[in-house]
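Work through these exercises with the sequence and the model open. Try each task before you read its solution.

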Amino acid sequence: MAKILIVDDSITSRKILKNILIENGHEVIGEAINGEDAISKFKELNPDIVTMDITMPVMDGLEALKKIMEINNSAKVVMVTAAGQKTKIVDAVKYGAVEFLTKPFESEQIIGIINKIQ
Amino acid sequence: MFGLYFGDYLLEKNKISHDQLDEIMKEQTSRAKLGVIAVAEKLLTPKQAEELNDLQKKVDSRFGDIAIEKGYLLPEEVNYLLTLQGNPYLKFIQALIDMNIMNLDEIESCIEDFKNDYGLSDTELEALKSGDIDRIIPVFIDNNIPFAGDCISLVIRNIIRFINNNILIKKSYKVNKYSFPSIAYQQLVGSHELFVGLAGEDEALLNIASPFAKEKFLVMDEEAFDSVCEFINCSNGLYASKIITDDIHIDMTPPKFDKNKTMETEGEIHVVPIIICGKRTDLLVVVDKKVEIY
């Protein structure tokens, strides 16, 4: 079981992802609605894994990833992207993301990745 | 999908009632009978099919075997007809007959009227009957709209995949100004700029919000709008992923929503009416032109 922080500006996506994670025995310890919120919740909650959406207002997921890696360079951040954001995925890997998930969510893909990296 | 179009047409022409149409849509679980298919495919006349049906009641033999024996059909034709038994169009026709709403002659005549009234060519009518969405979309949408044609097709396929597989697409048209009660939209930037939105009355957008979030929304509140926005985001992501193979790079901006406003562009707004559960939502696409919302 992993303690997970979900970062996504879409409440729909957060709910779908949260349900899949909980149904598969993981604990969602927090939710953040943009990059800034994510950094603050990361410091506060110290999660095992962060799922980080890329396209968000205020501060996007790539910027938040960089800042989280500065706080803890062994943080496990899984980027969440709509399909078609290959360039951003390459950047995310460069900044230290361990994996990426694509929307629309598929339960098997999510659980496979979370179980692999936890 | 043909059933929805033809059913809608029969309703409009007062050939059936709303209750009958609901019943027909429920009835369509059984496979179409060979005689009905053979007439629909114009391999038998209604009279020949009726004769074979009468004969079948007297002898213990299959419809196809009797038709071959009588010299009306070839074995290969029977085999071909058997492959069509699950076709939704034929199941719709079968339900009309089983419910004694129309006989084969009347159906044939109504389909001819439907084709003429809708201005459909034989190929377009065949596309509708096939139930194949890849063939149906070009009947209603100009697929050659530079850059946007594929995007529109993909949004429709994704509505069928994630929202509802019983939708009705109406002929698309173009405007440069569009007023909406509610809209969820996203702008894509990069090699090309694209505006993709879904607009309509709240009741219509709820038919997208609820199935996508797998949650029953009663009003278009922030969460319901978020669901429609996220659907557009996912769909656009799949589109971006498709066109990247042609070295076209676009990026999604955060989706937004709005109420009771007008959008305007110097270019064209492609409007594709999509009917989901009887409510109309318009898919709006603008290519490479600034869109102003006020």
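## Exercise 1: a strand and its partners

Task: find the bridge partner of B:Leu188 in strand 3 of chain B.

Solution. In strand 3 of chain B, B:Leu188 has B:Leu194 as its bridge partner. Strands here are DSSP runs (E, at least two residues), and helices are DSSP runs too (H or I, at least four residues), numbered from the N terminus. Strand 2 of chain B pairs with strand 3 (residues 194-200) of chain B in the antiparallel sense, over seven bridges. Two strands pair if DSSP finds at least two bridges between them.

Before going on, note the ground rules. The model is predicted: local features need pLDDT of at least 70, side-chain atom pairs count only at pLDDT 80 or more, and totals for chains, interfaces and linings use all residues. Residues are numbered from 1 along each chain as its sequence is written, while chains are lettered from A and ligands numbered from 1 in the order in which they are written.

Task: which residue of strand 4 of chain B is the bridge partner of B:Leu188?

Solution. The partner in strand 4 of chain B is B:Met252. Three bridges join strand 2 of chain B to strand 4 (residues 250-252) of chain B, in the antiparallel sense.

Task: how many bridges join strand 2 of chain B to strand 5 of chain B?

Solution. Strand 2 (residues 173-190) of chain B and strand 5 (residues 256-276) of chain B run antiparallel and share eleven bridges. For one position, look at B:Ser182: B:Lys259 of strand 5 of chain B stands opposite.

## Exercise 2: the sheet of chain A

Task: give the strand order of the open sheet of chain A.

Solution. The five strands run 2-1-3-4-5, with parallel pairing. Strand 2 (27-32) and strand 5 (99-103) of chain A are at the edges; each has a single partner strand, so one side of each lacks a neighbour in the sheet. On average, neighbouring strands are turned by 20° against each other, direction ignored.

Next, go inside the sheet. Strand 1 (residues 3-7) and strand 3 (residues 49-53) of chain A pair in the parallel sense over four bridges. A:Leu5 has A:Val50 as its bridge partner in strand 3 of chain A.

Axes are lines fitted to C-alpha atoms, for helices over the stretch in contact; angles run from 0 to 180 degrees between N-to-C directions.

## Exercise 3: two helices of chain B

Task: describe how helix 11 of chain B meets helix 13 of chain B.

Solution. Two packed helices are described by the angle between their axes and the distance between the axes. The axes of helix 11 (residues 148-163) and helix 13 of chain B come within 10 Å and cross at roughly 130°. Helix 11 and helix 13 of chain B are therefore oblique to each other. (Angles under 35 degrees count as roughly parallel, over 145 as roughly antiparallel, 65 to 115 as roughly perpendicular, the rest as oblique.)

Now list residues. Helix 11 of chain B contributes, among them, B:Leu154 and B:Phe162 to the contact, and helix 13 of chain B contributes residues including B:Phe231 and B:Tyr239. Contact means C-beta atoms, placed from the backbone, within 7 Å.

## Exercise 4: where the chains meet

Task: which helix of chain B supplies the largest share of the side that touches chain A?

Solution. Count first: 20 residues of chain B are in contact with 17 residues of chain A. Helix 12 (202-213) and helix 13 (222-243) of chain B each supply at least two residues of the chain B side. The largest share, 13 residues, comes from helix 13 of chain B.

Key. Two residues are in contact if their C-beta atoms, placed from the backbone, lie within 7 Å.
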